[in-house]
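I opened my notebook to write down what I looked up, one entry at a time. The structure goes in here, and my notes follow.

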Amino acid sequence: MSHTHSESTGPSPPSSSTSTAVHSAGFTKKINFCQLCGGPTKHEVPDGEEKMRAICTRCGKITYDNPKMVVGCLIEHENKILLCKRNIQPSHGLWTLPAGYMEIGESAAEGAVRETWEEANAEVEILSPFAQLDIPLIGQTYVIFLANLKRPHFSPGPESSECKLFSLEDIPFDSLAFSSMLVTLKLYLEDKKIGRPKFHYGIINKRPGTSPSDIHAYTLDNHLRC
């Protein structure tokens, strides 16, 4: 099952045993109970470390809250790009590349292929990695691959209300779901003008005081082209 990514929430929904807080320095999940034995936790900086951690007062286990990886495909077909209209919140009714959380036991490329099948019922062949975009504020890293359709067939999956091929001049930039999708597609169009794709790395930072739903309110920092 696809795990839907979101740039307006934390890396994953909190369970009944956690509470969540967002600090100005970034996303922090406060874990109140041990994920191993269920005991209450204390929040301290362990010996030899620099950050506050949740430490179980019963068994001593330290719980680490690590970023989530979102994987997806930028699918080229006859000089068009395949996009999916979201049928779920957040960003219901807006367009996105097929993408979602990477699962344990699969590679990034395998996860991107799976997410594409789940959201667009499309079989794809991975061509190359295209972009890694870090979003430190919400603890997410996006890895997007260039891909081709194996067969010219696709249809909406459960999380999509529509799937459509867009010509490059008709990409709905004002109706995209997330800043990460906006950045990815802009970089793709820049590469098309140059005449060959490159691999991109960058950090997406939202502008202070702006709404998470304002996908244009960001800066792309430390952008590297390879």
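This is a predicted model: local features need pLDDT of at least 70, side-chain atom pairs count only at pLDDT 80 or more; totals for chains, interfaces and linings use all residues.

**Entry 1: a salt-bridge pair in a helix**

I started with arginine 114, which counts as buried because its relative accessibility is 18% and the cut-off for buried is under 20%.

What does the side chain of arginine 114 meet in a salt bridge? I found glutamate 118 there, with 3.3 Å from N to O.

**Entry 2: a salt bridge between two loops**

Next I looked up glutamate 123, whose side chain makes a salt bridge with that of arginine 151 at 2.9 Å, N to O. Which parts of the chain does this pair tie together? Glutamate 123 is in the loop between H1 and strand S10 (124–135). Arginine 151 is in the loop between strand S11 (140–149) and strand S12 (160–167). So the pair joins parts that are 28 residues apart in sequence.

Glutamate 123 has a relative accessible area of 35%, so I noted it as partly exposed. Arginine 151 comes out at 39%, so that one is partly exposed as well.

I also noted a network: Glu106, Arg114, Glu115 and Glu118 are joined into one by salt bridges that share partners. My search of the whole structure gave eight salt bridges.

One more salt bridge went into the notebook: the side chains of lysine 42 and glutamate 44 meet, 3.7 Å from N to O. Buried, exposed or partly exposed: what is lysine 42? I got 36% relative accessibility, so lysine 42 counts as partly exposed. Glutamate 44 is partly exposed too, because its value is 37%.

Then I turned to the strands. An open sheet is formed by three strands in the order S3-S4-S5, with antiparallel pairing. Its edge strands are S3 (41–44) and S5 (62–63), each pairing on one side only. I counted four bridges between S3 and strand S4 (residues 53–56), which run antiparallel. When I followed lysine 42 across to S4, I landed on isoleucine 55 as its bridge partner.

**Entry 3: aromatic pairs**

How many aromatic pairs does a search of the whole structure find? I got two. For the pair of tryptophan 95 and phenylalanine 166, the ring centres are 4.9 Å apart and the planes are at 85°, so I wrote down edge-to-face. This pair links distant parts of the chain: tryptophan 95 is in strand S8 (residues 95–96) and phenylalanine 166 is in strand S12, 71 residues apart. I checked tryptophan 95 and phenylalanine 166 for burial, and both are buried.

Phenylalanine 130 and tyrosine 188 also form an edge-to-face pair, with 6.3 Å from centre to centre and 70° between the planes. Phenylalanine 130 belongs to strand S10 and tyrosine 188 to helix H2 (residues 179–194), so I noted another link between distant parts of the chain, 58 residues apart.

Terms used:
Residues are numbered from 1 along each chain as its sequence is written. Side-chain values use heavy atoms; hydrogens and water are left out. A salt bridge is a side-chain nitrogen of Lys or Arg within 4 Å of a carboxyl oxygen of Asp or Glu. Buried means under 20% relative accessible area, exposed over 50%, partly exposed in between (1.4 Å probe, protein chains only). Two strands pair if DSSP finds at least two bridges between them. Rings of Phe, Tyr and Trp (its six-membered ring) pair if their centres lie within 6.5 Å; planes under 30 degrees apart count as stacked, over 60 as edge-to-face and the rest as tilted.
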